[in-house]
Amino acid sequence: MVTVDKPKRKYDFRSIEGKWQKAWQDQNLYAAPDIPDADNKFYMLVMFAYPSGDMHMGHFRNYIIGDAVARYEMMQGKAVLHPFGWDAFGLPAERAAIDRDIHPRQWTQENVTVSRATLQKAAISYDWSREINSSEPEYYKWTQWLFIQLFNKGLAYRKRGFVNWCPTDQTVLANEQVKDGRCERCDTLVEKKDQVQWYFKITEYADQLLDDLDNLPDWPDSVKTMQREWIGRSHGAEVDFTIEDTGEKLPIFTTRPDTIYGVTFMAIAPESEIINRLNLEPEYAEAVADYQMQALRRSEIERAAATGEKDGVFTGKYAVNPYNGERVQLWVADYVLAGYGTGVVMAVPAHDTRDFAFARKYDIPIKVVIHPNADTTLEVATMEDAFTDYGPMVNSDRFDGLASFEAVKTVTDYAAQQGFGRHKINYKLKDWLISRQRYWGCPIPIIHCDKCGQVPVPEADLPVELPDVKNFLPKGRSPLADVPAYMNVACPKCGGEAERDPDTMDTYACSSWYQMRYTDPHNDQAIFNKDVASAWLPIDLYVGGITHATGHLIYFRFFHKFLRDLGLVNVDEPVTRLVCLGMVQDETGVVMSKSKGNTVSPGPLMDEYGIDITRLAMFFTAPTEKEVVWSGATMVGVQKFVHNKLFPLIENYRGSKPDLKQRFKLEEMNEYERSIFVKLNQTIKRVSDDIVRLQFNTAIAALMELLRDYDSANISSDQLNDCLVLKTIQLAAPLAPHVAEELWHQSGFEESVFRSEWPVYDPEAIVGDLIEIAVQVNGKLRDTVRVAAEADQADTGHHFS
RNA sequence: GCGAAAGUGGUGGAAUUGGUAGACACGCUGGAUUUAGGAUCCAGUUCCGCGAGGAAUGGGGGUUCGAAUCCCCCCUUUCGCACCA
């Protein structure tokens, strides 16, 4: 067969991209309406960016995914809100600024400028009129306003306690910012320090945060599981033991009150202040003090690493078990966590692995109170480990013979009756420590007055602006404390001399409510208009990294619920559907990050191949939730596709200006027409479904198949041919917007392809609705049957009977 | 240790609810074209076998007419939590 080379029109992206980007901007294509029709809106949000330099392929992937969905929803006729902004406060900016000897504001602004330019170059469909920056007074005024609302409701408070301290960053950290005992930002081992700090009372919302996870079917299970474990609710009993000498009550928390007759000692966390009140005899006091010092010096990791090898020190004191009046030794041991429960545990060596190891080591009595079952009994002498399951109770006085699982309640009820105990729920979740001893953050809007105490800054005086400070090197206390002009103010209540709080807030406070500000970003009278916010919320799709599963994604649910309780929003949860992207790795499998210096920037790729080809390559590499190893190899395939198939497609357009809604009759088509028409309709369905489930790689594959099979020469109907061309262009538009827009206009349209209506498939032209069922006997294919997809068992059953 | 997710060609990955496994690409092999290279086009490419055919979705069992998909055990990898009483 002789093939005649047709001269292909080259896809010259350089002359095309700029033209359409300008056109989109001129016609305000991305502008969201002020108030949408709540039934026909789509709020597409990608986590906002930390401006730490230009973006790499990992960021790029996030943004083009959001962009494709936003464009698709636009073509569905939805009012789309697709905003962007900058999470601009925080330590990295401060550290970089110190290294370069410039102001963090300058460093941040330079990065914002660069990143914004790259995003605009990539033509991400953001409504830039809604851009926000958390380090600007216009924004952080409302972060402060929120702080004050929390303060007024008793949900922002100061307390003394052992906190996580990063010696490198010279500031305290929230639990969520400690990973594996190390600072999330700089990887330094975290120390414990006894300090007064500000907290947000997120524990007030613990139950809602936990229970409402059940109402989020479109959140990944992994995230919900992580949040459930992070909140860590457990039901149990609080029982008051008594310190023998002083008579002081010593409450403990246990989930196993059924083992309470087996208590043979008690253990106190070394940080606990109870120890100070024990009036230790001199012969014990010194050893206990030494032990406390030693435990405090050890990091969490070291303490936890000694799994199995428990140690502690006897206080010389005894406590009394209220159930049976037995006196048991009181120990200090660092396997007890100060921050959970009451910081004191009842130890039941026979039925708890840790207590067992401890008792064996220090030769403390072991007492069996539960047997595995009625026929099997436990002998202390032969036990090699604790028996931690439930079973019939023994040696437990009035409770003997009860099944211990049910006895949890019975035993607790008894304590409640007698007045020495109660049912109790405990959480691993702790209140959110939000004060930071650093400069580049949102100032805490509280004034400390000797007479009036903690006084919030009056709303009219907000924002409390972050002053310019020359030297903001970390020194363990806020640099703002050394700025008298900032610190010294009159008390808003009594007018007397007072001081501002010198600390700034955790940046996670700034990022916990930005999603609402986007709905009304420039409101200077209120945090946002509640009707506007209610119309846009909840976010329909939120895209971001899995790394925020227990940090940001809990905090912002908490803020959302708080704002709901203030009456400012009317839904319970901020996000309907959450999707966490896999990381982008370099060719050696290492996650791309600025700190590792292995980033690939999309900029040069876009310059060399064009924006659309770069986007398609990223999309085509892997489905959304998987991590991507970026090698650039996929560039080749999608480049061929765009140059040889997609862009030249327009040459087959015959100019019939078809009505895109007309219906074609299968029975009037020739064989080829029928098969390509079916393929078109299958492709419409596949691409639509794939975009919704964010599986762009298969959407592109479907388009490749369609164009592979398409041959204009075999189609006699101009209308059919032209519909096929135009609908293919539309299907490609969310993925390759510049190419699609160019082709759309070359076919004679004046209006943007993104204002056109997304194609709808003809259900009658989807052969896929017939399923071919292979009938097999003993694994051999005997027959195939075609049945309608909706056919149920009854329809197909007779073939097998 | 506990919990979760996942294991498919040389590679990235398809197979939306159990229905002809390997779509779509990359790479590779052969051929065509080209002054040459790149590029482009055509053909082939899971494995074994000349072939008919057989085997195959980490391994082993099970349910089913039929399993990559559902159930059980084991192995491996990744992630999360890590003394939570």
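Let's start with two strands: β20 (residues 446-449) and β21 pair in the antiparallel sense over 4 bridges. Pairing here takes at least two bridges found by DSSP, and strands (E, at least two residues) and helices (H or I, at least four) are DSSP runs numbered from the N terminus. This is a predicted model, where local features need pLDDT of at least 70, side-chain atom pairs count only at pLDDT 80 or more, and totals for chains, interfaces and linings use all residues. Residues are numbered from 1 along each chain as its sequence is written, chains are lettered from A and ligands numbered from 1 in the order in which they are written, and side-chain values use heavy atoms, with hydrogens and water left out.

**Two nonpolar cores**

- In soluble globular proteins, nonpolar side chains tend to be buried together.
- A nonpolar core is a set of buried Ala, Val, Leu, Ile, Met, Phe, Trp, Tyr and Cys residues joined through side-chain atoms within 4.5 Å; buried means under 20% relative accessible area, exposed over 50%, and partly exposed in between (1.4 Å probe, protein chains only).
- The largest core has 99 residues, and Tyr63, Trp630, Phe696, Ile729 and Leu735 touch the most other members.
- Helix α2 (residues 57-75) gives the most to this core, with 11 residues.
- A second, separate core has 92 residues, including Phe89, Ala93, Tyr486 and Ala498.
- Setting aside neighbours within four places in sequence, Leu735 is in contact with several residues, among them Ala68, Phe619, Phe696 and Leu703; contact means heavy atoms within 4.5 Å.
- Asn62 sits in helix α2 too, and Asn62 counts as buried because its relative accessible area is 15%.
- Beyond neighbours within four places in sequence, Asn62 is in contact with Val46, Val543, Gly544 and Leu581.

**Helix α20 and what follows**

- The 22 residues of α20 should span 32 Å at 1.5 Å a residue, and its end C-alpha atoms are 32 Å apart, so the two agree; the expected span is 1.5 Å times one less than the number of residues.
- At the start of α20, a side-chain oxygen of Asn670 comes to within 3.0 Å of the backbone nitrogen of Tyr672.
- After α20 comes Leu694, with a positive phi near 60°.
- Leu694 lies in the loop between α20 (671-692) and α21 (696-709), and Leu694 counts as buried because its relative accessibility is 2%.

- Most residues other than glycine have a negative phi, and most peptide bonds are trans.
- Asn279 also has a positive phi, near 50°, and is found in the loop between β12 (265-268) and α8 (282-297).
- Asn279 is exposed, with a relative accessible area of 53%.
- A cis peptide bond joins Leu462 and Pro463, with omega about 0°; Pro463 is in the loop between β21 and α12 (484-487).
- The peptide bond from Leu537 to Pro538 is cis as well, with omega near -5°, and Pro538 lies in the loop between α15 (530-536) and β25 (539-545).

Technical notes
Polar contact = N/O pair within 3.5 Å; in protein donor to acceptor, adjacent residues only side chain to side chain.
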